[in-house]
Each structure stands twice: as structure tokens, then as C-alpha cells.
Protein chains: 8
Amino acid sequence: MKKFEDLGFCKVDTDREQRTGYPEVIYGEGKSADHISQIMSRLIDHHEKVMVTRLSKEKALSLQETFPQVKYDETSRILLYGEPARRYPGEILVLCAGTSDLFVAEEAALTAEWMGCKVKRVYDVGVAGIDRLLAHREEITKASVLIVVAGMEGALPSVVGGMVKRPVIAVPTSVGYGAHLEGLTPLLSMLTSCASGMSVVNIDNGFGAAYQAALILQLASEGGENEKPLP
Amino acid sequence: MKKFEDLGFCKVDTDREQRTGYPEVIYGEGKSADHISQIMSRLIDHHEKVMVTRLSKEKALSLQETFPQVKYDETSRILLYGEPARRYPGEILVLCAGTSDLFVAEEAALTAEWMGCKVKRVYDVGVAGIDRLLAHREEITKASVLIVVAGMEGALPSVVGGMVKRPVIAVPTSVGYGAHLEGLTPLLSMLTSCASGMSVVNIDNGFGAAYQAALILQLASEGGENEKPLP
Amino acid sequence: MKKFEDLGFCKVDTDREQRTGYPEVIYGEGKSADHISQIMSRLIDHHEKVMVTRLSKEKALSLQETFPQVKYDETSRILLYGEPARRYPGEILVLCAGTSDLFVAEEAALTAEWMGCKVKRVYDVGVAGIDRLLAHREEITKASVLIVVAGMEGALPSVVGGMVKRPVIAVPTSVGYGAHLEGLTPLLSMLTSCASGMSVVNIDNGFGAAYQAALILQLASEGGENEKPLP
Amino acid sequence: MKKFEDLGFCKVDTDREQRTGYPEVIYGEGKSADHISQIMSRLIDHHEKVMVTRLSKEKALSLQETFPQVKYDETSRILLYGEPARRYPGEILVLCAGTSDLFVAEEAALTAEWMGCKVKRVYDVGVAGIDRLLAHREEITKASVLIVVAGMEGALPSVVGGMVKRPVIAVPTSVGYGAHLEGLTPLLSMLTSCASGMSVVNIDNGFGAAYQAALILQLASEGGENEKPLP
Amino acid sequence: MKKFEDLGFCKVDTDREQRTGYPEVIYGEGKSADHISQIMSRLIDHHEKVMVTRLSKEKALSLQETFPQVKYDETSRILLYGEPARRYPGEILVLCAGTSDLFVAEEAALTAEWMGCKVKRVYDVGVAGIDRLLAHREEITKASVLIVVAGMEGALPSVVGGMVKRPVIAVPTSVGYGAHLEGLTPLLSMLTSCASGMSVVNIDNGFGAAYQAALILQLASEGGENEKPLP
Amino acid sequence: MKKFEDLGFCKVDTDREQRTGYPEVIYGEGKSADHISQIMSRLIDHHEKVMVTRLSKEKALSLQETFPQVKYDETSRILLYGEPARRYPGEILVLCAGTSDLFVAEEAALTAEWMGCKVKRVYDVGVAGIDRLLAHREEITKASVLIVVAGMEGALPSVVGGMVKRPVIAVPTSVGYGAHLEGLTPLLSMLTSCASGMSVVNIDNGFGAAYQAALILQLASEGGENEKPLP
Amino acid sequence: MKKFEDLGFCKVDTDREQRTGYPEVIYGEGKSADHISQIMSRLIDHHEKVMVTRLSKEKALSLQETFPQVKYDETSRILLYGEPARRYPGEILVLCAGTSDLFVAEEAALTAEWMGCKVKRVYDVGVAGIDRLLAHREEITKASVLIVVAGMEGALPSVVGGMVKRPVIAVPTSVGYGAHLEGLTPLLSMLTSCASGMSVVNIDNGFGAAYQAALILQLASEGGENEKPLP
Amino acid sequence: MKKFEDLGFCKVDTDREQRTGYPEVIYGEGKSADHISQIMSRLIDHHEKVMVTRLSKEKALSLQETFPQVKYDETSRILLYGEPARRYPGEILVLCAGTSDLFVAEEAALTAEWMGCKVKRVYDVGVAGIDRLLAHREEITKASVLIVVAGMEGALPSVVGGMVKRPVIAVPTSVGYGAHLEGLTPLLSMLTSCASGMSVVNIDNGFGAAYQAALILQLASEGGENEKPLP
């Protein structure tokens, strides 16, 4: 039984949706528009939907010529073919500390929506203006899963983590300068957080955070049990 | 309305169980047996159960004199007062790569059990013997949430992450030498994993991983919705 | 004009009080009890008061035999000869995130008192329990200068910095593990804080923070002007 | 009571001047000229003055078309709308080690002036020519607060710190090469300074140093007391 | 006896083939097309074959004008003059984790072929899809020497190393972002691998890995003995 | 078909000799003498020989009581049960730079002998006395595989690598101070070596280097071909 | 007595030649051609000679229009006004490991010549071809002071340091990739060298090495004594 | 012609004095008293004098039993057999910043004396008390070579370097805490110094600095020329 199509330069995992619930996602950085186009064709054939992340505007414009139906979001640099449909209960709340962190927050928000989740956004609520954050206390405590995006010193997830009884996924961003070390500082800072129930993904990895958040809601939608093992 | 008791040297958060579902946990490192004893008394008064983590054998013996009912586990260095009871559906699978990672794996396993989860353990399945890991494929794909503990190069979570459609929480350990950098290498390595749906906690933080895993099952047990905001 | 006494192994700066308002402070780490004793004698001769920081209990006990009037504080590891007297208006607020950060917070508090400042302490108010911090909002906004001590991810100064219009001096501590990197993580994190009006001192340097805070109140007590240049 | 205006892409903190004495400052890096223009409009409406930092010449030219009254300083990359007026007693002295550190020194000087302080500049006095520095001893000892800017090995603040009884705020710069590590070396070096009464801000953060210096003079102008807590 | 030709700007080691079995290889980065051309001429005179690595397309085009017989491979950026001929028994297997690691994998593959080895390629078999890797178990266990190329977390060599009884040479790549640290993370990760029989070369150094692999097959082809010492 | 024995605390890989030619080796660090004893029993049952590495003298003495036949080498901290027998052609040359590197060099030498290789030792030939090294030129060029051990700046492998046409495996050691960074400096230094045909293992990993060297001679002894895939 | 001319943007140290034997040298990086031109004018007025280092070709061409007598060397990026004259006995030998290190080696060589030293060059003698180095043994042992330039693993100074009884100044270069860390690896490596009598300057700092070498010959030319203290 | 004696565990370089002017020095750390004793015997036989550095008091006491004539200095941890005699003109000045740096400063001073140099000491002159340093201006400018020892931020060499026209060798020490990074911070700081004519040795390497200083005076005593190459 063949589980992937071999394009020579890569092996397209066409079996993935059946196995995990989601078709393969294309990471656009470092791939040529032509290669992306070939992979998209295969994935559209199998799943009728595709998501491409980290895609430059130039490549997006070129792909729009081949696939006129795609939508491209400049902030998150995500390109979508096909419409997302809500599949799970609950709500993912995406918070971000500053306006410069938006590109990561939107990567997370669009990914979660594309995977079938309802998403709420609360942006520009960095901890140095704690009242702006506390003004959203109700939305924060109502969320099912929280994705907290922050650059600079990365303190936001610790504060949010202490306010909720739900899982928090922290995303450090590369936004900052000097001692910020291109995101390494908030990354390490989030990992040593004094808040419980929080985990961390790579710098700028909004996609990864949203992916895990969606898996959590998927699990919740199935009642937490996992009767049948995967094939 | 008073939310904590002030012991002078610290503020005991006695309101926590009502707010988040769990009483405060005592981090034993750097606290004297006497201080721990005082905090335990307060928490027992309020909740009738207590967990202390990172507790040396010496302090544990001293605390057992005051609280004869407590149980102490030398591997995980956890001390428990009161019995855990299963509260959630599903199952948390704790995997670890080598026998030296056991102290972290057991911290995770005991924490998850204490929080009300069913836990299964699969130990000593490092990736350099891939067949030992694959022999557990069924248990792996059946788990609701997976905690994957690994020292050395920290490769196990990537392999496991690719085998499941459930959330994976990776825990790097301080077990290794030289280029291992006391755990920094597997930490960074896990953060750059090519597997989707995976997040990471601090080095040796088995407690933190289990805490988040339990929150996920708690959410699942409530169907993913969060109707009533926290007070 | 001779400005210091030469003890062979060091040069005691006996002119310092006249020049800066404060006699020399002895850094106890790495000096033998005998050397400290000799320096203390000279400083007592000139100023009738002495402060020794980072002093082990063993050395303190030995010095108490020579100087029965000294007081030793085990938490901050500070030894004092002579009584501090309040000299300046205003109030320094020392906050700390966790009970394990106390040794640094007390080094700051005792130093500031010894230099003539009124000090208020608010301890165990880490950001993961934001309500515990906010319960002290009035004391926080009333303070003249704030010293904020935090280990782990070091997020407390950012939150406090956003609540006040007064100078905030942040002190990272070596309390934490793993990605905490013995204090480097909160140090870098505080340096990239999104709060304005905040500066940072070395890891565990409660003394340095208090010293600067006292200089600020000294300046304030003189109306901010500096009519006569130092000799 | 509404404390900020929501522009969608950000929340403008229009209440800030009343709360802290200063309107919000716009950090220009990473914001489009159009976004800056919108925020400026709101801030001008409320405060009749605005400061934008880290602004490229290109964006400055574009903003000058919309706001012909603004002034742009190419060295510090600061754009100002409205005139600063001296509000506090005393004097801030800005020193810098080399001519290449000027862009940071001027960011500090212009910020302090804009916040109402009198500023004196002493530039190109690196420690390798100690006599050039000592030629300014009188100005140095007369200053109320000192901002000391240095790249390379960052030694200047230590020398200056030992000459004064006033607070010193050290600013490392990104000027250097090789072992300089883009400013990390002088940053760490300043943090381990043997001078007392000194604190440090992020690499190139002239703005942050000046902001704290101004808060110190503001406090001094109010006599160090803080009778009425902030609302 | 003269062992190299001095071109002024460098010393061409024309004696190398006789001494080690291989002529000198030209590292193209940082050398002008003109310099490369001069060195090529000398090497062609002596050996009738040349390999240039890390050569930009621009320089390659310019060299093709002087040496019309050369072949240039854009993926590996290798330029060859002369045909490789198989000289040794056995087979080198080059594996790579992702399609973005191809440029390194091909540098290794082409180098090994040029040195006289038979090479087999198995690409895009990262550990997060373990079944894709296991589908090649037979080829993997049949290989004489294995070169395993991986970016991201660099886990592939550990898994492969545990499957074979042959030497494994691991090559980390600079493909990744954030905590990947431009390849430092997989480099350190591979060095702390739990698999035995594995060694590591510098980031992106496909050439170095292939060179050692070829030396191993050369040794094997001579039966492991080394009767006659080099001159 | 069962491939390992489960001792509860670990899985003993008793099938390993058949699969790879060598029984499992016990890494002694972090294992109790009792655990090691149990694993040894199983391995002796299956293979009649055992090697334990990184074993403290205390544990060795305790194990000698249970297994009187074992031999313990204090320099390498290796314990052996059973006699090694030469199985392969050729010769492994172990070189080390300083006398303090001996513990690593001997770990390599004893491991290689135990695996069936003939080993020659050339010690204390650091590059700062190049003539001492060159005095061994004949032995160096005659070796089949070279293991080069060096602490400090780790320069020896580069010089040796340039003298031979055989594979060189470099082993950095933790011997040094200050900028040596506990072995990180020679590790990185060896990885950027200008010599071709060289690869590197972890700091102090004499075992790993010898293991790969033995695999190379094993391959050579089989003529480089690998006709029958592993089961 | 005025010791420098103040140009506003910098203070030209016109007294320097009298004080130290050498006029000020202009570091060209980060200074505009116009600023350099102004400083040159002053220095020419006082000393009739000038050296500018790290000067781009563009700025050099522009300066040549103002000062037609200047000479510019593209390799070292040094611009000279006035002729150097030999002033000291002895000879400085500049060695470099690879052809890519030439730009640093030439910065050292030209600086030393400009300061009045006789310079000999031995280039492309990296340790991986030890015989090429040893072929220069006579020149090496005859040198008065040795400047040894190396990128990659930076091993050359250790070998040279062991061959001579004269001071060796090591210069790491930024030439390399991956684990080379932009020169940090050879820098640290040289600092932990096992050779005695060697010291190190910053990455690529050929100027600094030559400056110290010239001071050594200057001292030697005065017989090592320093009768008259500087004014 | 035999150039060293082989003791089995090491090769004693008995030819060294003839070749370089100095017998081999024994680095005591990591060698047993017995091994040191054997090497000392050989060196005494050949040279009638020996120096051992980094020797613990325990080993020193043990060696004093075998060699009653030796002298041991506890501060520098140096053991000497035989008397040093002045051989060169000029004077080496050893400066140190703080009293805690004494152990390094004395290692330098005793080494230089043992090698035949006149040494002057100026201690406890850190830059934070610039007047204490300037009080020694005459001694500083009169010195032939300067060794400047400093921990903390390592600023002293930059100031001293700017005061003299003689070579300065900077020695960072491991004295400090937190951001000091066990000496890495002053090491990097000294390497990026703005003073010309300065080079740097490893952390705490007083021996290395003195060794180079002595070579400089040796060269000066020979007039800078090096007529006869070494054998």
C-alpha cells in the first residue's frame, strides 16, 4: 500500500488526512514557486484543500496565476486553497503582546481556523499595560485553549497562564533587539515560566502552536478517548 | 474576600482548587523542611491532599515524622499526602528514551496520576533502537496525550510526534555530557522538531508536562467547551 | 593628601564618606575573616559604621567574637556595625516574585535601610498570580523608587514598570533551573522589557540596586540640583 | 472609563500623560509610515506633541508631508512634533566613548530634552585616553544624573561611576566587531562593573536610559515624596 | 623535491594525488573566478581532473567559457572537470531528512562519486514520518558506509545509526530557524547521539563527510592493511 | 521473536551481537552497582563477555566481589569481563596531545582492543612540540585508522589529518580551563578543521571514536561489500 | 596645554606622536568620507603622514580626489598618506594559514611597515600541510616577533609558538563557516593554546597585532629600558 | 639526537632550555604528586631549577618532603626549586584591579621573576577609583612591559593601555559572578578594547602573560635582532 507520491524532489504524503485528520501542509520557505505548484496539484487532487505557510508575496502572486481560487494573507504570509469549516467545539484564544508580533499571531489564528477551530483574537495587550490585558479577563477565562504570542521579554504567557485553568501554548517571536537575541531570550524566558500548564514552541512558530491547539480540541471533540488505534 | 493565607515567608494560595481544579503544589527545592511543613499543614486543612516535588530524601524523612501518612517516591522525589483518584477519560502515555531519564518520567507519571489521569508507561525506547519503540506502536497510537522524555540528543519526541494525531509534550532531560550542555541541546533540538503538534517544557520539568497533559484531559472531559468563566 | 590607607593586601578608601556620602562597603566573598577584620577596624575608626555583604555564617560568627556589637542577618548574609538612620524623604519599595528570591530582596532592603532610606517590602507576588500583585497596587504606586527582584522568567519588573511613573530597578536572581541558565535568562529578559523607565543590575545584585535607589533619594533630598562639584 | 483608542492594528494609550506625566512614544521600527501617521494624529489630538524613535529617513520624509511642523534628527533618527519645555531642576549629562556611539547618545539626549530635562553632552571621551575624560571632571561631578554610552569593551561607565555620587545609567552600543558580539560584550561588561550606583539598559537603548533619567529628575522635582497614589 | 607550485596568492599542492590518492580540491567560496581559473589550469596539467566546491553560478558560467568541458551542478554548486571512475567496492548511501537539505546531500553524493565510489540516494525520509524511512530498511542495512544529512533537530542519524553495523557520518545542515541557531542545534544534537559508531562533520559539510567515506572504502579496497608507509 | 530481556528498569538488548557483531556495552555513569550487576549477568549468559565504561572505582570494587574474573582499568575507568581477541586486519593508532588527555585515549584504546582491533599508542605529542609528533611520522602514515585525542585548543587532529590518507576520528577532551569552555572550544575547533577526511565525536567520547574505528576495520575485513542485509 | 583639536564630531589627538611615537590612526569603518577627510587634514598638518584602516574602495576613491598623493591597498583596505621608513632593528614575520586570510595578514603587514618595521611574509601554510610550514623553519626561527593569522580552527599559532623563542601574536579571522561561529572558534582556540609565549587579539584585528609587534621592536631598539617617564 | 626523556606517562623535554632559554615548566593541575616528583627529578638533573604552577597546598607539602629545598607560595600556588636570577634590562609592571585578583597577579609576578625579569607590583587599582590608578602614573609610564590583571568587567587594561607606549598584556580573571560568566565577560571585553598595543591571554593565565613579557625583554636584551636561527 503506497502512502506517498514521489515527485523526485520530494515525497508527498497523500495518506496523511486519513491517518491524522489533516492533509500535509506546505512550508513555503526555501521552496521554488514551481515546486510548490507541483505539490499543490497533488494535494488538491487528494484533499481539495491546501495550506502553504511562510510564503513570500512574490511566490503567492505567481501561484495565484496557476490557482486563481487561492487566497493569500500578507500579514501571516499564508496561502489557502479551499475553505475551512468549523469542526470542533470550544474556542481558541490568540493573544499577542505588541502590534509587531501580529505576523506570528495571525499565522496561528489562520492555521487554527483552517484546521476547523473557532478563533478569537486579543492583540496588543503586553504586560507593561496590565489593565489593557485585565480588560479581557472574561474572554481569557472562557477560552478552551490559549495561544500566547510575545516578543521582547516574553512575559505575557506567564501572566495569562496564571489566570486560566486551560492549556496555554506560548510562542516567542523574533521581534526585539540587542539582548533579545533574535527571540532566544523570550524563548528561554517562557520555558522557565512560573506558571503551570504552559508549554512552548519554536520562535515565530505560530503554525506549530495552532496545530497543537487544534489537536487538543479534536481530542476534546472525541471525548478524550482514543478507542481505535491508527492504522 | 481573602484568596491566600500569609505565612510571612510566603502566601499560600488556598483558593486555588476552587479556581483551577487543583490545590497548590509545593516545589520542595530551596525550601526548608520546616517551611514545607507549615505550608503542608495549611493545604491539608483546606484540601486534604498535598503534593511536594523535587524533595530530597532527607527532608522527606523529616516530614514523614510530622505527617506519617505521606508517601515518598525516591525516583521522582515526589511526596504525596492523600490518594489520587481518576477523574478524566483517556490515557496519558509517558515514554522515555533511556533508563537514566526515569527520574523525570516518573515525576511526570506521578503528577498526572495525582491530578486524576490514567497513566501508562513505556520506558527505555530510545530512537537508536527503533524496533523497541515500534513494538509499542499500538499503545502509542491509542494514547490521548503523550509525554515524551529524552536526554542525549532528544530525538524521541520527533519520531513519536510523527506517529500520532494526539498532542505530544516533549521534556528534555539533563542526562548527557559534553555537547549535551546540561540539557540545552535536547531542549533546542525538540523546539526545532520537524514533527507537528508538539510543544516543549523546561529541562527536567516532568511536572510541567504532566500538568498541561492533565489540563488537556480535564478540558476533554468537559467536552472542550468552557461555558462559565472563572470567578 | 592621602585618600586611602594601605593594608598591603588592599587599599582602604577612608575618604569615601566625605566624597560620596557613604563609607566603603566590604564585599565579604573571597576575603578571609582576618582580612575583613582588619578592614573593619580601619573603617570603624573613620566612620563608626561598617556594612559587610555576602558574608558566610562561619565568618560572621568569627567576626562577632572580635566585634560583639555587630548584627548578622542570615537571609541576606549582611553584617552591620552601627545603626542606620533615616536620612531621605520618600520610600523604596522592594518587591520579589517568589519566596526563593528572598535572599536577594533582603540584601536590597537592608542595604537601602543602612544607607538611610525608608523601605517597604512586598514579597511573593510573582506574575503567575496577578491578583496577589494587584492587591498591592496602592503601595506600588505610592513608592518613590521600586526595586523588583525576580528569578525564573523575570517577568515581574515589566508588569510593575507599567504601573508606575517612578524609576524601577530590576534585579534578576539565580533562582531557577534548566533554561534559566543560572540567572542569565531573567537578566536578558529584563533588559528587553517592554516597560519604560526601567534599568537592570547584575544577577543577585540586591546591593547594587539598593545603592542606586539610595543615590536617587539622596539626589531628590537635595532637590535634584548639584550646586557644588565634588572635590 | 475608556483608557485607550483602538485603531484595530493597535491600542493608542491616550490616558498615559495624565497617568505618568508623559504621552505615549511611538517606536518607529517595524511600523509603516501610514500606521505611524494614524497613531500620530490621535496623539496630537490628545497631547499636542509626539515623539517617534528609530525612524528611517524615508518614513520621516513621508511623515513630513502630512505633518509639516515635525522636526527630524538624522543622527538619532528621532522625529518630534511640538517643542520640549524644561520642567525639572538639575542636569543630565550624556557621555559617550567614541564618535560611532553618537547615534545612541543623541537618542538619549533628545529624549531627555523632550521629557523636560536640561542636557549637557560630553562626547568622544573613551577610557583609552583617560586625560580627555578627566578634562571634564567638573562637568561630570556637577551632573544630577549621568547617561554613559559606550560600545567596544564598554569600560567608560565604570570609570565615570567611580567619580560621582549620582546615579549612572549605562548604555552599551552595537558598535564594534568580532568578540564584541554585536553589543553583548559591553552589555555583560557593564553589568559586572565594579562601580556602585550604576544600572544598565539594553544595547543601543538610549531612549530607555533617558526615560529613566527623566523619571529620576521628575521625582527629585517633587522632593522624593509621592503623596498621592496614581488613580 | 618540490611539492607545490607557488602562484603567489596560493601554493598549489600538485603532489597530493601521489601522496593521498586524490588531487587537491578547490574550495570556491571567497576565491575570484580568475584565481580559480589559474589553479584549475595547474591541476588539469598535473591530474587531468579537477573538482571545485561551493561555486556560485556566476563564477561557474565564467569558468565554463575558459574550460568548455566542465560540468556544473546547481544544487550542490559543484563544478567538475573530467569524469569520475568507480575505484572501490561497496556502496555509500546518502540519506537526507528534508527536501531543503538536498544541497548538502548532493555535495556529498557528487563528491563521493568523483572520488570513485558507487553512491545510492534516499532523500526526504525525516524521522517524523518513520515509515517512509523504514520502507528503505533493506537499502540502509546493505550500505557499506552511510552519510546522513539533516537540518532541523538533526534526529535522523540517531535512528539510522541504530539500524546498521556500518560507519555512519552525520552532517547537520543550516536549514531551520529560531532555536535551530543556523545549524548549531542539529550539530550538537548529533554529537550527543545515543547511537554508537557515528561521527559528525561541520554544518553543511557534505564534502567532508563524503571525503571520509571514500577514504573508508579506499581502505577497505586495500584490505584494511597499510603495508607501505607514505613517502 | 523476542529481541531483548526486560529487567523492569531497562531492556537488555541480547540480540545485539547477532545483529551488529557486538554485544551491548554498559554505560556505567548514573547506574547503581546493583543495576549494573543485573545487566552484566544477563549479558554474560548470552555472550560470555561484557564491557562497562565510565565506571567509578567504588562501583568497580563492588562488582569485583560478584564477578571475580573482571579486570578494571583505573585510567580509562573501563571494566572488562572476558578476553578480547583480534578479529580484524590493520591497526588503529591512538594519539593524544597531553598527559592529561590519557583517560580518554585509554578509553578509546581499550574499547578498540575489546572489539577485536590491534591498537598502537602514541601519547604526549601536542602540536606545540611539532618535532615530537614528526618523530612518529612512520607509525602515523602506516596506521589504518587514526583516533586523535586532544584537549586545550584541539589542534592535533588537523596536523595529523594532513599527514595521512586514512580516516581520522577526532576526540576533543574536557581538559583545559577558561576559554576552553569544558571542551566546547576544541570540539568546535575540530569541526572547522582545514584537514579533509576527518570527523568528530562528543567531548571525552573515546568509546564512540573507537567504536566507529572498529566498524571501519570490520568493513575492511569484509572487503567493503555488504552482500547480505541484516535480518 | 591643549592635547587635541575638537572637530565637533570628534577630538583629534594631535599630541599622540610626541607621546607615544605614533600619530593617531583613523579607523575608517562607520565614518563618512567627509569626516575622514577633515580628520586627515588635521593629521597631515601635524604629522605629514596618515594611515586609514578598514576603508571601503568607494571612500578611498573619493579621498584620492582630495589627497592625490595617497595610496590605497585593496586587499588590506588600508589607505596611506606619506611613506613609511624603517626605524627598528629585527624583523616581523607575518604568517597566514589560508589564502582567504590574506586581507587580515596584509592589514598586519602594512601596519607594521608603516610603523617602521621590516616585514617578511609567509602565506598559505596551514597546519593540514605541515611540510609547507616546516619548509619555512629557518625564516620562522629567525624572526624577532611573529604575527600568526588563521581562520578555520586557528591551529597555526600553536604550532608556530612551539617552534620559536620569540613572542607570538595570534590573530583569528572570520574566515570559515558553521561551527566556526564567525571567528569565535579560532579566537577561543588560540586563547587555550598549549604553546607558551603567545597572546591573542580580536578577530580580524591585524592592525592591533602589528601595533603591539611594533611596540615590542621599538622597546627592543631602546634596549628594553624606559629611562624617562612619559610627560 | 634525543630531545626528551620518556617517563612512560609523559615525555620530559630536557632539551628545552638550550632551544628556548628556559627549561620546561610543570603544570601541576591534574598531575599526581608522584608524577610531578618524577618529572621534577629529571628536570633538576638537567637544569638545577624547576617551576611548578597551579599546585595545591596538599601536593606542595608532599613534594617538600622529597625536595626540602623547594619554596611554595600559597597565593600564586607556585612551587620553585632553585633561585631566579635577573637576566634582562627593563622592568615588568604587574597591575591588578582588585584584591581578589591577587592569585593571578602573583602567578604572573613570580613567573616573570623566575624567568629573570625585574618585577614591580601595583595592586588594587581598579578603574572605579581612577585616582588610585593615576597616583601610579609615573611607575606605569616607566615600565618596559605591562601585565594588567582584572576580573569583573575587565576595564583596567584599556585605561592603562591608553597611558603607555609599551606593550600591554591583559589577563582576565575568573573573579566575579552572574553576568561575569566565570571570566568570559572580561576576556571578551579586553579583546574588544579601544586601546592599541594590547593583547590578551586566557582567563587566569598569569603564567602565560609573564612568559610572553619575559620573551619580550629577552628579545630587547638581544637588541631585537635574531642573527642565528635556532638549531
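Predicted model: local features only at pLDDT ≥ 70, side-chain atom pairs only at ≥ 80, totals over all residues.
Reader: What rotation superposes chain D on chain G?

Author: A rotation of 90°, with 0.0 Å of shift along its axis. Residues are numbered from 1 along each chain as its sequence is written, chains are lettered from A and ligands numbered from 1 in the order in which they are written, and side-chain values use heavy atoms, with hydrogens and water left out.

Reader: How many residues make the contact between chain D and chain G?

Author: Chain D gives 12 residues and chain G gives 13. Contact means heavy atoms within 4.5 Å. The buried area is about 1,000 Å², and carbon and sulfur atoms give 56% of it. Buried area is the accessible area (1.4 Å probe) that two parts lose on being put together, summed over both.

Reader: How many salt bridges and how many polar contacts join chain D and chain G?

Author: The salt bridge count is 0. A salt bridge needs a side-chain nitrogen of Lys or Arg within 4 Å of a carboxyl oxygen of Asp or Glu. Polar contacts do turn up: 4 residue pairs, both partners at pLDDT 80 or more. Such a contact is a pair of N or O atoms within 3.5 Å; within protein, one must be able to donate a hydrogen and the other to accept it, and residues adjacent in sequence count only if both atoms are side-chain atoms. On the chain D side, 6 residues are nonpolar, 3 polar and 3 charged.

Reader: What is the contact between chain A and chain B made of?

Author: Each chain gives 46 residues. The area buried is about 3,900 Å², with 58% from carbon and sulfur atoms. The salt bridge count is 3, and 10 residue pairs are in polar contact. Helix 9 (206-221) is one of the elements of chain A that give two or more residues to this side. With 9 residues, helix 9 of chain A gives the most. By class, the side of chain A divides into 22 nonpolar, 15 polar and 9 charged residues.

Reader: What makes Arg166(A) and Glu222(B) a salt bridge?

Author: Their side chains meet at 2.5 Å, N to O. That falls within the cut-off, so the pair qualifies.

Reader: How do you know what kind of axis relates chain A and chain B?

Author: A rotation of 180° with 0.0 Å of shift superposes them, at an RMSD of 0.0 Å. The two copies are thus related as by a two-fold rotation axis. Ala220(A) is the residue of chain A closest to that axis, at 1.9 Å (C-alpha). Both copies use the same surface: 100% of the contact residues of chain A recur in chain B.

Reader: What does the salt bridge between Glu5(B) and Arg42(B) tie together?

Author: The closest N and O atoms of this pair are 2.9 Å apart. Glu5(B) lies in strand 1 (residues 5-6) and Arg42(B) in helix 2 (residues 33-47) of chain B, so the bridge links parts that are 37 residues apart in sequence. The whole structure has 94 salt bridges over all chains.

Reader: Which backbone atoms does the side chain of Tyr72(F) reach?

Author: A polar atom of the side chain of Tyr72(F) lies 2.4 Å from the backbone oxygen of Leu55(F). The side chain also reaches the backbone nitrogen of Lys57(F), at 3.4 Å. Tyr72(F) sits in strand 5 (residues 71-73) of chain F.

Terms used:
Nonpolar A, V, L, I, M, F, W, Y, C, P; charged D, E, K, R; others polar. Least-squares fit on C-alpha atoms with pLDDT ≥ 70 in both. Helix = DSSP H or I, 4+ residues; strand = E, 2+ residues; numbered from the N terminus.
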